[in-house]
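Thanks for coming, everyone. I have one structure to walk through today. Let me put it on the screen.

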Amino acid sequence: MAGIVVVFDFDKTIIDVDSDNWVVDGLGATEEFERLLPTMPWNTLMDTMMGELHARSKSLGDVAAVLRSAPLDPRVVAAIKACYGLGCDLRILSDANRFFIDTILDHHGLAGYFSEINTNPSAVDAATGRLRIAPYHDFHAGPHGCGLGICPPNMCKGQVLDRIRASAGAAGKRVIYLGDGRGDYCPSLRLGRDDFMMPRRGFPVWELICEDPSLLQAEVHPWADGAEMEETLLRLVGRVLLEERNLPPLDCKLESLPAVAVQDGMPMTLRIKN
């Protein structure tokens with residue numbers, strides 16, 4: 001197996017939408033969602049909305065049907081399968097929830113490609129049949145302790161990434177992290193010099209990185225859509241595989257991987273801290 005752990009965010013990274021909003025909008029509960037949004041944390045709000053949808057006679061099957069219609073770029077699917085085929089350890093780190101993620105991955109035949117899914121737990125209430133969504137970190141019992149001031153109360157992705165890196169299966173491996181949101185900024189700060197950060201260009205994590213790129217040690221490789229994600233991710237994986245084997249940059253087995261490109265005046269490959 002390659003010495004690479006690829007960590008994906010889920011919403012607006014693997015799928016091209018926010019799964020929470022997709023379900024709420026798809027089942028006609030947007031107005032109630034927006035009314036409650038200022039009054040409680042997002043994770044609590046989604047659990048509340050599952051109760052609201054249940055009260056409106058929307059079944060778990062209705063929720064699953066909407067999730068199965070969420071857009072997923074075929075190039076993202078291809079990238080996941082290619083990385084897996086090259087021996088990468090693929091993991092998900094998401095502030096969505098387990099039912100939403102599992103439903104979408106199962107629908108696209110991708111569940112078996114990931115060794116671990118780190119997200120908010122969810123379960124069906126046996127008494128009522130409604131979906132319950134719980135926080136990854138029980139913030140009612142106490143804060144998770146991240147001092148960055150950006151992480152939501154139910155999950156510090158930086159802390160979860162630290163645990164992933166320290167786990168037996170990932171220890172000593174290089175990490176490629178892909179994400180789009182503010183919550184993906186904390187883990188980007190915890191990546192090392194031999195790791196890679198792939199922020200989605202034009203999204204909150206990219207904007208935060210651009211405010212002061214010197215705060216990151218990892219190389220930054222932005223992407224904008226599924227095609228660019230696939231090209232960039234496979235190029236990085238190919239590069240690490242070549243380095244592991246002490247091969248020259250051009251190897252016949254990987255020569256089809258795209259070269260470094262320049263986007264918006266910024267090199268795709270950027271060492272931003274010496």
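Strand β2 and strand β3, residues 116–120, run parallel and are joined by four bridges. A word on naming: helices (H or I, at least four residues) and strands (E, at least two) are DSSP runs, numbered from the N terminus. Two strands pair if DSSP finds at least two bridges between them.

Before I go on, the ground rules. This is a predicted model, where local features need pLDDT of at least 70 and side-chain atom pairs count only at pLDDT 80 or more, while totals for chains, interfaces and linings use all residues. Residues are numbered from 1 along each chain as its sequence is written, and side-chain values use heavy atoms, with hydrogens and water left out.

Back to β2. β1 is also paired with β2, again parallel, over four bridges. There, V5 stands opposite D89 in β2. How much of β2 is buried? Eight of its nine residues are. Buried means under 20% relative accessible area, exposed means over 50%, and partly exposed is in between, using a 1.4 Å probe and protein chains only.

At the β8 end, strand β7, residues 196–199, pairs with β8 in the parallel sense over two bridges. F196 has E219 in β8 as its bridge partner.

Next, helix α5, residues 74–85.

Which residues of α5 are buried? V76, V77, A79, I80 and C83. They cover an arc of only 160° around the axis, which puts them on the same side of α5. The arc is that of the directions from the helix axis to the C-beta atoms. On the other side of α5, P74 and G85 are exposed. The cover over the buried residues includes β1 (4–8), β2 (89–97) and α10 (226–244). Contact here means heavy atoms within 4.5 Å.

Look at both ends of α5. At the start, a side-chain oxygen of D73 comes within 2.8 Å of the backbone nitrogen of R75. A polar contact is a pair of N or O atoms within 3.5 Å; within protein, one must be able to donate a hydrogen and the other to accept it, and residues adjacent in sequence count only if both atoms are side-chain atoms. After α5 comes G87, with a positive phi near 95°.

On to helix α7, residues 157–166. Its buried residues are K157, G158, V160, L161 and I164. Seen down the axis of α7, they fall within an arc of 160°, so they line one face of the helix. Their cover includes β1, β2, β3, β6 (174–179) and α8 (185–190).

Stop at K157. This lysine is buried, at 5% relative accessible area. A polar atom of its side chain lies 3.3 Å from the backbone oxygen of L93. Leaving aside neighbours within four places in sequence, the contacts of K157 include D9, D95 and D184. Y177 and P187 are also among them.

A disulfide here is a pair of cysteine sulfur atoms within 2.5 Å. The closest cysteine sulfur to that of C88 is in C83, at 4.8 Å, too far for a bond. C88 is buried, at 3%. C210 is partly exposed, at 35% relative accessibility.

K12, in the loop between β1 and α1 (19–26), has a positive phi of about 60° although it is not a glycine. K12 is partly exposed, at 30%. S57, in the loop between α3 (42–55) and α4 (60–68), also has a positive phi, near 70°. S57 is exposed, at 62%.

Last, the overall numbers. The protein has ten helices and ten strands. Of its 274 residues, 51% are buried.
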